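I opened my notebook to get to know a new structure.

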Number of protein chains: 2
Amino acid sequence: MGRPRKFDETRALTAVMHTFWQRGYEATSTRDLAESTGMGLSSLSNAFGDKRRLYLRALRRYYETNTAVQTELLEQPGPVKDRVRNLMVQAIDIDLADPPSSGCLIMNASMEMANTDPEVAQEVRRHFTAVEQAVRSALAEGQRTGEITRDQDAATLTHHVLSSYYGLRVLARVQPDRTALLNVVETLLAKL
Amino acid sequence: MGRPRKFDETRALTAVMHTFWQRGYEATSTRDLAESTGMGLSSLSNAFGDKRRLYLRALRRYYETNTAVQTELLEQPGPVKDRVRNLMVQAIDIDLADPPSSGCLIMNASMEMANTDPEVAQEVRRHFTAVEQAVRSALAEGQRTGEITRDQDAATLTHHVLSSYYGLRVLARVQPDRTALLNVVETLLAKL
DNA sequence: CGGATTTTTGCGCAACCGATCCAATACGGT
DNA sequence: ACCGTATTGGATCGGTTGCGCAAAAATCCG
């Protein structure tokens, strides 16, 4: 059955994810990936394929971990507005962390690659639709209980929340003003 | 006075801007820039400096043209909500154009470079603060005339609009659904 | 017309890129 | 113990990268 692997597959993928996350796709060399995983070049390509395939695996890994955290926050019990607040505050915490993070890997990927690489675009969409569905079902639940306004239907309200959410993360990259960002969250919630 | 230049400086910078816009910084080679401008490699570096300096000039060029269009839209006469709508609809038109555009160069730059290159970060901030100031003075004017709600102060309202605006452009890259995006705009305006 | 100055042109360099090849290695099965 | 098999480390491939050098070309000035 061959020589046993010296590395843990998910651990390696996590390292790869963080490297791509921090530097982006083009700025990351295969040697960077070898160094961050502690693996050799041939072990990497033997286990996961070429650089692009490795990037797709990293995006999938992000989806399975970080995206999952976001959707789970929206599925918690309790007031819907609290869940949305938790989602956005958690994003602020990540984006303003010290040492400074690189925002959201999927947003970075959508800017750098999604318009040129269809497979990346598909992987990016996987994340966006997952978050969208979680937001929508949370808002719909809030509308049933009367906590959320019924001025607009759930779909429209969802897009409204999503635009504020992703825009918040754009602003966080440029103006790391925590109180201002928290203000955005409360302003949004007050109008739901 | 030396040999006369064969190229138009702003025309060359515009070509450089479009190339960086389309492919991003890392994925653009100096040869790509030479081809898109019709200039030689040494002419480029002689006139503008190295690749990174050229990128900064391209960002500045974007600021002077595309950013200016956005701020001017907000300084037009007439109802403030119409101006904000024009701003956002114009962004939707750009992001959903055919052939598909690459969104907003400054947003791309902020994702790819702003967290590693301080000079790029500064150039990016120049754009964001210009748009922010234009939005703020428009909203403040609307609050004076009573067109815009006074539930929140102008600064808070500005950040709210900005987050929706930039989030809209993120969504536009992933889900090019024009009616959904227009819905976001109207939902936002209805709550101002 | 010739010297000074600036741009253009063409070529080349050292470094790096992604990807692959190959021998050495470490296991399970027989 | 031996063989098949999968992984490992290291070397290396052709190609591309950003950048620079030197000579030619085109203008102005005296």
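The entries below follow the order in which I looked things up.

**Entry 1: what kind of model, and one annotation**

I noted at the start that this is a predicted model. Next I checked the UniProt record, an unreviewed entry, and found that it annotates residues 6-66 of chain A as "domain: HTH tetR-type". I looked at the fold over residues 6-66 of chain A and found 77% helix and 0% strand. The end C-alpha atoms of that stretch are 26 Å apart.

**Entry 2: how the two chains are related**

I superposed chain A on chain B, and a rotation of 180° with 0.0 Å of shift along its axis did it, with an RMSD of 0.1 Å. That is the relation of a two-fold axis. I then asked which residue of chain A comes closest to the rotation axis. It is Gly167(A), with its C-alpha at 1.8 Å.

**Entry 3: where the chains meet**

I looked up the contact between the chains and found that chain A gives 38 residues and chain B gives 38 residues. On the chain A side, helix 6 (105-112), helix 7 (118-145), helix 8 (154-174) and helix 9 (178-190) each supply at least two residues. Helix 8 of chain A has the largest share of that side, 14 residues. Sorted by class, the side of chain A that touches chain B has 17 nonpolar, 16 polar and five charged residues. I also noted that 100% of the interface residues of chain A are interface residues in chain B too, so the copies meet through the same surface.

**Entry 4: helix 6**

I then turned to Asn108(B), which lies in helix 6 of chain B. Asn108(B) is buried, because 24 other C-beta atoms lie within 10 Å and the cut-off for buried is 20 or more. Leaving out residues up to four places away in sequence, Asn108(B) touches Met111(A) from chain A, and Gly24(B), Ser102(B) and Gly103(B) from chain B.

**Entry 5: DNA strand C**

I counted 24 residues around DNA strand C, and the closest are Ser29(A), Gly2(B), Arg3(B), Ser42(B) and Ser43(B). Helix 2 (30-37), helix 3 and helix 4 of chain A, together with helix 3 of chain B, each supply at least two residues of this surface. Helix 3 of chain B gives the most, five residues. By class I wrote down six nonpolar, 10 polar and eight charged residues.

**Entry 6: DNA strand D**

How many residues surround DNA strand D? I found 25, and the closest are Gly2(A), Arg3(A), Ser43(A), Arg3(B) and Ser29(B). Helix 3 of chain A gives the most here, with five residues. The classes are eight nonpolar, 10 polar and seven charged residues.

How values were computed:
Residues are numbered from 1 along each chain as its sequence is written. Chains are lettered from A and ligands numbered from 1 in the order in which they are written. This is a predicted model: local features need pLDDT of at least 70, side-chain atom pairs count only at pLDDT 80 or more; totals for chains, interfaces and linings use all residues. UniProt positions are given in the numbering used here, feature names are shortened, and annotations may be inferred rather than shown by experiment. Helices (H or I, at least four residues) and strands (E, at least two) are DSSP runs, numbered from the N terminus. A residue is near a molecule or strand if its C-beta atom, placed from the backbone, lies within 6 Å of it. Ala, Val, Leu, Ile, Met, Phe, Trp, Tyr, Cys and Pro count as nonpolar, Asp, Glu, Lys and Arg as charged, and the others, Gly among them, as polar. Two residues are in contact if their C-beta atoms, placed from the backbone, lie within 7 Å. A residue is buried if 20 or more other C-beta atoms lie within 10 Å of its own, exposed if 12 or fewer, and partly exposed in between; C-beta atoms are placed from the backbone. Copies are superposed by least squares on the C-alpha atoms of residues with pLDDT of at least 70 in both.
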